[in-house]
Amino acid sequence: MEHLTRQTLGDKALATEVLKLFQTQTLGLVDRMEAADMRNRRELAHALVGSARGIGAFRVAECAARIEKGEAGPGDIMHLSSLIDEVYEFISSLS
């Protein structure tokens, strides 16, 4: 939350909006990644890296970066899914 607070200059309403945008962007993302060919999977991962870093979800960004670079192992997409779920839980705890 510290990173997001800096990014939004302490504006709590803006931080909440950014978190909601992250949720909207990532909804169903793992399913789309699993169904995508390698090129599209990398594009989806690339978009996720930027938005995850923007909200301070650095573990999500790191995992997505491995997928983007083609360095992901067989369990990395499922791991990404669990990391995104953790972010969702955190966001829910703020309400």
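Biologist: In this predicted model, what makes helix H5 roughly antiparallel to helix H6?

Modeller: The axes of H5 (residues 58-68) and H6 (residues 76-93) come within 9 Å and cross at roughly 160°. Angles over 145 degrees count as roughly antiparallel, and therefore H5 is described as roughly antiparallel to H6. The crossing of the two helices is left-handed.

Biologist: Which residues of H5 and H6 make the contact?

Modeller: H5 contributes Arg-59, Val-60, Cys-63, Ala-64, Arg-66 and Ile-67. From H6 come Asp-76, Ile-77, His-79, Leu-80, Leu-83, Ile-84, Glu-86 and Val-87. Sorted by class, the contact has 9 nonpolar, 1 polar and 4 charged residues.

Biologist: Which members of the largest nonpolar core touch the most other members?

Modeller: They are Leu-48, Val-60 and Leu-80, in a core of 26 residues. Two or more residues are given to this core by each of helix H2 (12-26), helix H3 (29-35), helix H4 (38-55), H5 and H6. H6 gives the most, with 7 residues.

Biologist: What does Leu-48 touch beyond residues up to four places away in sequence?

Modeller: Leu-48 touches Phe-22, Gln-25, Thr-26, Leu-29, Val-60, Ala-64, Leu-80 and Ile-84.

Biologist: Why does His-3 count as buried?

Modeller: The relative accessibility of His-3 is 18%.

Biologist: Where is His-3 found, and what is His-3 in contact with?

Modeller: His-3 lies in helix H1 (residues 2-7). Leaving aside neighbours within four places in sequence, His-3 is in contact with Arg-53, Gly-54, Ile-55, Gly-56 and Phe-58.

Key:
Residues numbered from 1 in each chain as written. Predicted model: local features only at pLDDT ≥ 70, side-chain atom pairs only at ≥ 80, totals over all residues. Heavy atoms only, no water. Helix = DSSP H or I, 4+ residues; strand = E, 2+ residues; numbered from the N terminus. Buried < 20%, exposed > 50% of the residue type's maximum accessible area, 1.4 Å probe, protein only. Contact = heavy atoms within 4.5 Å. Axes fitted to C-alpha atoms, helices over the stretch in contact; angles between N-to-C directions. Parallel < 35°, antiparallel > 145°, perpendicular 65-115°, else oblique. Left-handed = near helix turned anticlockwise from the far one by under 90°. Nonpolar A, V, L, I, M, F, W, Y, C, P; charged D, E, K, R; others polar. Core = buried A, V, L, I, M, F, W, Y, C linked by side-chain atoms within 4.5 Å.
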